Amino acid sequence: MKNNTDTPHMIWREVFRHCYPEDTDLRRILLQHSQSVAIKSLQIVSLHPELKANRDFIINAAMLHDIGIKFCDAPGICCHGDKPYIQHGIMGARTLRELGIEERYARVCERHTGTGITRTDIEDRQLPLPSADYLPETIEEQIICYADKFFSKSHLERTKTIDQARNSLLKFSEEGLKRFDKWIKMFE
Ligand SMILES: [Fe+2]
């Protein structure tokens, strides 16, 4: 899957076909969740033209942000891999790099957990991740990470309120909540 430099419009479809070839519950969960995140991300893009976010990239990257979940151990959402769930971002990034997909997509996978995870979070809480900073930086990374906080994969039909999304972040750091609060001001 080489030669993606000019962003084929629907690159995510090809990746889905490759990574989730069968029509399984897991594929359906991933597809529906990713679509919810893509739609909310696009609403933010439409609401905020001043952010100058790249629409085509947002669609594809939102559809691919959780592509690594199948490697993780989360039977409640039909994932029967052996990796801790917190690794789904780095596993997704690894998958996309192996497929020769542009690096900017891998970065979205790696940087969307919580409101991003820092080296300090990893060290203080002994998280099973290579010690590095995984904070969303580009505007597209920030929008997708924010939009993702409104949708769980166990209750696909629900959209969380801002308060519910915020509450789901309480288990992360105080700094993480501050990033979310900044995004509320930027994106709502
Ligand atoms: Fe997600």
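Predicted model: local features only at pLDDT ≥ 70, side-chain atom pairs only at ≥ 80, totals over all residues.
Local features are given where pLDDT is at least 70 and side-chain atom pairs only at pLDDT 80 or more, while totals for chains, interfaces and linings use all residues. Residues are numbered from 1 along each chain as its sequence is written.

Helices are DSSP runs of H or I, at least four residues, numbered from the N terminus.

Eight of the 11 residues of α4 are buried, so α4 is largely enclosed by the rest of the structure. Buried means that 20 or more other C-beta atoms, placed from the backbone, lie within 10 Å of the residue's own. The buried residues of α4 pack against α1, α3 and α5, with contact taken as C-beta atoms within 7 Å. After α4 comes Gly100, with a positive phi near 80 degrees.

The axes of α4 and α5 (lines fitted to C-alpha atoms over the stretch in contact, with angles from 0 to 180 degrees between N-to-C directions) are 7 Å apart, at an angle of about 165 degrees. That makes the two helices, α4 and α5, roughly antiparallel (over 145 degrees).

| Helix | Residues in the α4–α5 contact |
|---|---|
| α4 | Gly89, Ile90, Gly92, Ala93, Leu96, Arg97 |
| α5 | Tyr105, Ala106, Cys109, Glu110 |

Conventions: Buried ≥ 20, exposed ≤ 12 C-beta atoms within 10 Å, placed from the backbone. Contact = placed C-beta atoms within 7 Å. Parallel < 35°, antiparallel > 145°, perpendicular 65-115°, else oblique.
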